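Student: I would like to learn how to read helix packing and domain contacts in a model. Can we work through a case?

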Amino acid sequence: MIIASVTSDYGIGKGIADITGMEYLTFSSKTFPDGESYLNMGRNLKGEDVLLVQGMDTMPDKRFVETLMAIDAAFEAGAGNVYGLITYMAYARQDRAFTEGEPISARAILKALYNAGMQRLAVVEPHKAEELSYFKGKSNAISVLEDVAVAASNELENPIIIAPDAGSYAKANGIAKALGTECDYIQKKRNRIDGSVSMEKGLGDIKGRDALIVDDMISTGGTIVQAANEAKEKGANRIYAAATHLVLTGEALRNIKNSGVSDVLGSNCIVRDGCRVVDVSRRIADTMQFFGSD
Ligand code: R5P
C-alpha cells in the first residue's frame, strides 16, 4: 500500500510512512484564480492500493472537495483499492438534524466519500464513533485523546479530569481511569442560533487540585472557557486543556488563555501556534492493519 498525503495532513502521512516503511507520495496542488482546486498525484499506481491522508480543518469545504478529487485521481492513476485516513473530519458535529430542515452533514460527507469509491475509511477522533456507520464500507474510529491527556497530566499535581459537556464524559472518564484519577463533568447547552454556550450542571468542589479539561476538539473555545471559569470558581489550582483537534477559530486561543488556562495541548493532526503538540503518528500507525484486514 502506498501512503499519499492530499493537501492538509500536517505531516501525519509522512510520519506513518516513516514508521511503517510504506512507500510515500504527496499530491502537488494549486488553487486556480476562481478558487477551484487542482491536484496531481504525479505517478501511475499500477494497481497498488493507496491510502489517502487528509484533514479538513481550515477551509473544510475545499479540503473535502480535494478529498473527492484525490479519490478520482487515484483511480485515474490505476489504483487498486482506495482507502482514506481522515485526520480531522469536518462536519462531524452535525450528526443529526437538530431542527427541522437541516441536513445530517456528517452523513452527507461520509456517503460522498463512499460513493466516490473509497472502500475503507479511518477517522481520527470523529465527534462520535457511531456516526461512521453512515460510511457504507469498513470504517474505524481512532482515538488519540488519551495520548494528549497523558502528556498534559504528567505536568499536573493530583489532576482531576473534566469533561466540558455530557457528551464527552464517557471518553473523559475512561482517560481518568487510565490515569488513576477521578472525572467530573459539566452539562452545557448550546444556543443553536448564535452558537453560545450556557451551563446546566456545574462541577463539584475541586479546591486545590489541578484541572485537566479534555475534549475531542476546540473550535471557538467557548466550551473550554466555560469549563475553565467553572473550574476556577470551584477552586482549581492550575488548569490545562487537552484536545485531539485544535481548530481554534478567531480569538479562541486568546480567550482560552484569558480564562485562566495555562497550557493548551493538541495532537499533531492540527498544529496551531501557541499550543503544545503531541505526536500521535505512532498511535495511528499502529492501526494500519485495519486497511489490510478482510
Ligand atoms: C461538542 O460537542 C464538541 O465536543 C466540542 O465541545 C465543541 O465542538 C467545541 O466547540 P467550541 O470550542 O466552539 O465551544
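Predicted model: local features only at pLDDT ≥ 70, side-chain atom pairs only at ≥ 80, totals over all residues.

Student: What describes two packed helices?

Tutor: Two packed helices are described by the angle between their axes and the distance between those axes. Here, helix α2 (residues 60-76) and helix α3 (residues 105-115) have axes that come within 9 Å and cross at roughly 15°. Angles under 35 degrees count as roughly parallel, so α2 is roughly parallel to α3. Their crossing is right-handed.

Student: Which residues of α2 and α3 make the contact?

Tutor: From α2 come Phe-64, Thr-67, Leu-68 and Ile-71, and from α3 come Ile-109, Ala-112 and Leu-113. By type, the residues of this contact are 6 nonpolar, 1 polar and no charged.

Student: At what angle do the axes of α4 and α5 cross?

Tutor: The axes of helix α4 (residues 145-153) and helix α5 (residues 169-179) cross at roughly 50° and come within 10 Å. That angle makes α4 oblique to α5. The crossing of α4 and α5 is right-handed.

Student: Which residues meet between α4 and α5?

Tutor: Leu-145, Glu-146, Ala-149, Val-150 and Ser-153 in α4 meet Lys-171, Ile-175, Ala-178 and Leu-179 in α5. The residues of this contact divide into 6 nonpolar, 1 polar and 2 charged.

Student: Now the domains. Into which domains is the chain divided?

Tutor: Domain 1 covers 2-143 + 280-291, and domain 2 covers 145-268. The C-alpha centres of domain 1 and domain 2 are 28 Å apart. In the contact, 14 residues come from domain 1 and 12 residues from domain 2.

Student: How much area do domain 1 and domain 2 bury between them?

Tutor: The two domains bury about 1300 Å² between them, with 50% of it on carbon and sulfur atoms.

Terms used:
Residues numbered from 1 in each chain as written. Heavy atoms only, no water. Axes fitted to C-alpha atoms, helices over the stretch in contact; angles between N-to-C directions. Helix = DSSP H or I, 4+ residues; strand = E, 2+ residues; numbered from the N terminus. Parallel < 35°, antiparallel > 145°, perpendicular 65-115°, else oblique. Left-handed = near helix turned anticlockwise from the far one by under 90°. Contact = heavy atoms within 4.5 Å. Nonpolar A, V, L, I, M, F, W, Y, C, P; charged D, E, K, R; others polar. Domains from an automatic or database assignment. Buried area = accessible area lost by both parts, 1.4 Å probe.
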